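User: I would like to learn how to read a few features of a model. Please give the general idea each time, then the case at hand.
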Amino acid sequence: MTAIDFISGRRLPAARVLFSALGLGIGALMLLPIYYLLLRAFQADLPTVWALLTRPRTGQLLINTFLLTACVLALCTVLALPLAWLVSRTDLPGRRIINVLAVLPLAVPGYVMAYALIGLSGNYGFLNQVFGVTIPRMQGLWGASLALSLYCFPYLYLNLRAAFAGLDQGLEESARALGCGPKEVFARVTLPHLLPALMAGWLVIGLYVIGDFGAVALMRYEAFSFVIYQQYTAAFDRLYASWLALILIAIALSVVWWESRLREGTSYARTGSGSGTGSKRLALGWGGKIAGWSFSGVAVLASLGLPVAVLSFWMTRSPIGPVLKPLFDSFMQSLSVAVPSAILAALMALPVAVLAVRYPSRLSTLINRLAFVGYAIPALAFALAFVFFSLQGARWLYQTHTLLITVYALSFLALAIGPIRSAFYQTRPSIEESARALGHGPFSVFWRVTLPSIRPGVVAGMVLVFVIAMKELPIAFLLSPTGFRPLSITMFSRTSEGMLVEAAPYAAAIMAFSAIFVGFVLRHDKKAG
């Protein structure tokens, strides 16, 4: 009885046991480093632990992280909600172009956006050199908030645009017929139906902000990830670093739990008889069109025009020829871990997806939830847990490509599971059974029937993991082998040292490559305009 038999649809108990064992093994890989992180944290006695937890700096980190998250969520909502409404509900000319431009900031990672803001300001910044306008150097809470907001708001925009498209406009028309004004209709009808999309977008953005390292480090804002890195690498206080990592993990998991609790028992579907009304677009006057274009233009210029202009400026400060070889070497180093990470993530996702689709049970649900642990836990805390695991349980793995690739695959496993699981749901077992009835063996059925059916999902999952791994920063910082200098580390290091000219080509390469991810999103986009 082989794994191929199981994947091809034959319900064999032995295969089910095999894939359940593989799934539990993946879950154990997710939890094992957390165990070592706990082990390291509790090596101190209780008075020492209490002294660490009650440090004034710990409380300040909680406040700083809360303020950063709140500011980013507010700014993202201010940007995303009007854009989603303009694209989905109005007849604004050019809304298809606005839709594309509203998603493209995903190609500018938070730490690259931070680079752009730093390169914009100061005496030697883009504004002063080109326009003679000097603004103070971007840093601290507002610098980090702006950098993260300009990168993250498309996540909320995509959720809100889909919610607007699916909202039954008959509900709003009924409210207006009952005498409700525009503000009351929005507050009592539209906004409650947007809440699931808002919460989904806020959850993704909140988890990203809580665990972000690159932008907060460049902006010198003391949030958890930045201080964890400082404690581990500079202060060598690994006990305090482990406790800060545990606090960060607890915050992230509590955010996920609260979001799921808020969604429990809620229903936004139409309950009356009849069908919903079709989509109707609001006709804007010239004043409305000018306001819509102006708002969209400001959002696009800030999120896209700013990094492109600043990068172009700094890249022209010195010849590009001498940097091409080190840039290519850095790109190849990024490639050397991104490709195997994508393959390994897809291989790990297969048993999880098969169990979820072919053999749904409590065990498969548990395995599926464990597979998402690496994505829910902030990257720096997850990487630190693997540092302690390798130092205490597998020293031969410490600072090796094998460990780095494995952690990449585990951290981004959730990205691969989604498309592969969806592909399995769309594969009809009856087709595989017909192939077996025609005399095809298990391998032949898998190769000729199942694999072609799930191949788009496998490729999609690998592309997502591959592109994210190419620009990953915090995991690479803690787990990279000696001498390993991928694009993200090189760009971040040179920016943090004030070498903006030298960092510009690497930032541009990251942006260009991240555009693949955005192109993938837009290619599968069916709700534009």
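User: How many helices and strands does the protein chain have?

Analyst: Helices (H or I, at least four residues) and strands (E, at least two) are DSSP runs, numbered from the N terminus. In this predicted model, the secondary structure of the protein chain comes to 25 helices and 0 strands. Residues are numbered from 1 along each chain as its sequence is written, and side-chain values use heavy atoms, with hydrogens and water left out. Because the model is predicted, local features need pLDDT of at least 70 and side-chain atom pairs count only at pLDDT 80 or more, while totals for chains, interfaces and linings use all residues.

User: What share of the protein chain is buried?

Analyst: Buried means under 20% relative accessible area, exposed over 50%, and partly exposed in between (1.4 Å probe, protein chains only). Of the 529 residues in the protein chain, 52% are buried. The accessible surface comes to about 23,400 Å², and 67% of that belongs to carbon and sulfur atoms; such areas come from the Shrake-Rupley method with a 1.4 Å probe, and for residues only the protein chains shown count as cover.

User: What do the contacts say about sequence separation?

Analyst: Contact means heavy atoms within 4.5 Å. Among contacts in the protein chain with a separation of 6 or more, 82% are between residues 24 or more positions apart.

User: Which residues touch the most other members of the largest nonpolar core?

Analyst: In soluble globular proteins, nonpolar side chains tend to be buried together. A nonpolar core is a set of buried Ala, Val, Leu, Ile, Met, Phe, Trp, Tyr and Cys residues joined through side-chain atoms within 4.5 Å. The largest one here has 173 residues, and those touching the most other members are Leu-68, Tyr-115, Leu-160, Phe-213, Leu-384, Leu-478 and Leu-479. Helix H15 (residues 321–358) gives this core its largest share, 15 residues. At least three residues come from each of domain 1 (13–42 + 318–497) and domain 2 (55–222 + 285–317), with bounds from an automatic or database domain assignment.

User: What does Leu-68 touch?

Analyst: Not counting residues up to four places away in sequence, Leu-68 touches Leu-141, Ala-144, Ser-145, Leu-148, Val-209, Val-216 and Tyr-221. Tyr-221 is also in contact with Asn-64, as is Glu-222, leaving aside neighbours of Asn-64 within four places. Asn-64 lies in helix H4 (residues 56–89) and counts as buried because its relative accessibility is 10%.

User: Which residues make a nonpolar surface patch?

Analyst: Patches are made of residues with over 30% relative accessible area and no salt bridge; like charges are joined within 9 Å, nonpolar side chains (Val, Leu, Ile, Met, Phe, Trp, Tyr) within 5 Å. A salt bridge is a side-chain nitrogen of Lys or Arg within 4 Å of a carboxyl oxygen of Asp or Glu. Leu-24, Leu-363 and Leu-366 make a nonpolar patch of about 230 Å². Leu-363 is found in helix H16 (residues 362–371) and is partly exposed, at 33%.

User: Where is Arg-220, and what is its phi?

Analyst: Arg-220 has a positive phi of about 55 degrees although it is not a glycine. Its place is in the loop between helix H11 (214–218) and helix H12 (224–233), and Arg-220 is partly exposed, with a relative accessible area of 44%. Gln-399 likewise has a positive phi, near 55 degrees, and sits in the loop between helix H18 (379–393) and helix H19 (401–411).
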